[in-house]
Amino acid sequence: MNKSGITLLLIGATGLVGRTMLIVLEETDVPVAGLIPIASADSRGKTVDYAGRSWTVDSLEDSTWKDAQAALLSAGSGIARRWVPILAEAGITCIDNSSAFRGNENIPLVVPEVNGSIIKHDDRIIANPNCSTIQLAVVLAPLHEAFGLEEVIVSTYQSASGAGQKGRNALSEEAAGNQSEQSPFPHQLYDNLIPAIGSCGDNGFFQEEMKLVHETRRILNLPDLKVFPAVVRVPVPYCHGEAVHLKFKSEIEPDLARELLASQKGIIVLDDPDDNFYPTPIECAGKDEVFVGRIRQMPGEKQSLDIWIVADNLRKGAALNAVQILQRLVDEEYLEL
Ligand SMILES: NC(=O)c1ccc[n+]([C@@H]2O[C@H](COP(=O)([O-])OP(=O)(O)OC[C@H]3O[C@@H](n4cnc5c(N)ncnc54)[C@H](OP(=O)(O)O)[C@@H]3O)[C@@H](O)[C@H]2O)c1
């Protein structure tokens, strides 16, 4: 360990999330003294910029990763399953953005402001939740604490960049009137809506829908929470929107909810529908916070609330949340600086 900071392994450094991590890292106080950027063999020799200099991208097979104290991974679940156990065994604390370890009860699944305290000193693997779950959990946690959450009905409106660089490229190519050869989507996305993300399970729900169920329950520590999800890929480059209907144990008032949410660090309430004031993806892209608007209650349904949530899937939905976990490890002195 270098006295001035950690040596950080960044796996997936050339991808959408990896590049956003580099930007977010520069904006935080995480003391990074050395960076080891990793990507596929196709990217070997490319460079990424961080802290005013260029760093050459390497492959895991060839790199000097043993010098690292921590690793941020955003290279998919296959790489994570193969490499995380090896890195963790070598004493490197791994924060993984893929779904590889999110279902493992022995591995913390963390949104720092909600359940960061579950991380223990000797945890070597920490899972970063799915992007649509992170923004939902950030908003549900304070509401649950105050009013007791019973049921969540959530419809997502997920951007093209949620499917990585290929997804982002597909939308641009289709918008320019071309067919995208490498589109990760099962249909044209431009001018369209696709009510499916991931593969469909035997129960008729798509993978992304079941992630919302399982991960929300885990993060909020509510194993029996009723969650009814529907996911839709929309032709928007950045940010996921979510229309959410909530049921609580106690009565709740929209004004109280508005006040409570506005007082939370990391949440911004934009809610004046008469003036067309509510969060939209264009305004929220590139921002760190989770934005909430359209806070309302159906007359007579005093234990319910309807809300609209938007966040940048690459920021709070991925890179920022992972870097906040890393920051917590540093602050708690779990990484020996
Ligand atoms: N996009 C989102 O909103 C989002 C949100 C939450 C979680 N995630 C998760 O984050 C991960 C990355 O997503 P992304 O959107 O950044 O995807 P992406 O843009 O496709 O980037 C993938 C990255 O993985 C690298 N990679 C591929 N094969 C590799 C290998 N064999 N060894 C090392 N690196 C390899 C790629 O390198 P090359 O450039 O060389 O191909 C690239 O740097 C995925 O697990 C995804 O599920 C994404």
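**Entry 1: Ligand shell**

I classified the shell around the ligand and found nine nonpolar, 15 polar and no charged residues. In this scheme Ala, Val, Leu, Ile, Met, Phe, Trp, Tyr, Cys and Pro are nonpolar, Asp, Glu, Lys and Arg are charged, and the others, Gly among them, are polar. The model is predicted: local features need pLDDT of at least 70, side-chain atom pairs count only at pLDDT 80 or more, and totals for chains, interfaces and linings use all residues. Residues are numbered from 1 along each chain as its sequence is written, and side-chain values use heavy atoms, with hydrogens and water left out.

I then listed the shell, which has 24 residues, the closest being T14, V17, S40, S43 and N313.

I looked up which helices contribute: α1 (16–27), α5 (164–175) and α9 (315–331) each supply at least two shell residues. Helices are DSSP runs of H or I with at least four residues, strands are runs of E with at least two, and both are numbered from the N terminus.

I also checked the domains, whose bounds come from an automatic or database assignment. Domain 1 (6–130 + 318–331) and domain 2 (132–313) both give residues to the shell, so the ligand lies between them.

**Entry 2: Backbone contacts and cover**

I searched for polar contacts, meaning pairs of N or O atoms within 3.5 Å. A polar backbone atom of G15 is 2.9 Å from a ligand oxygen, and a backbone N or O atom of G76 lies 3.2 Å from an oxygen of the ligand. For S161, a backbone N or O atom lies 2.9 Å from a ligand nitrogen. The protein covers 74% of the 900 Å² of accessible area that the ligand has on its own, by the Shrake-Rupley method with a 1.4 Å probe.

**Entry 3: Six-stranded sheet**

I traced an open, mixed sheet of six strands in the order β9-β8-β10-β13-β12-β11. Strands pair if DSSP finds at least two bridges between them. β9 (226–233) and β11 (267–269) are the edge strands, each with a single partner, so one side of each has no neighbour in the sheet.

Within the sheet, β10 (residues 240–248) and β13 (residues 304–311) run antiparallel and are joined by eight bridges. K247 has S304 in β13 as its bridge partner.

**Entry 4: Hairpin**

I examined β3 (residues 47–50) and β4 (residues 53–56), which pair in the antiparallel sense over four bridges. Y50 is bridged to R53 in β4. The two strands form a hairpin with two residues between them, and A51 in the turn has a positive phi of about 50 degrees.

Terms used: A residue is near a molecule or strand if one of its heavy atoms lies within 4 Å of it. A polar contact is a pair of N or O atoms within 3.5 Å; within protein, one must be able to donate a hydrogen and the other to accept it, and residues adjacent in sequence count only if both atoms are side-chain atoms.
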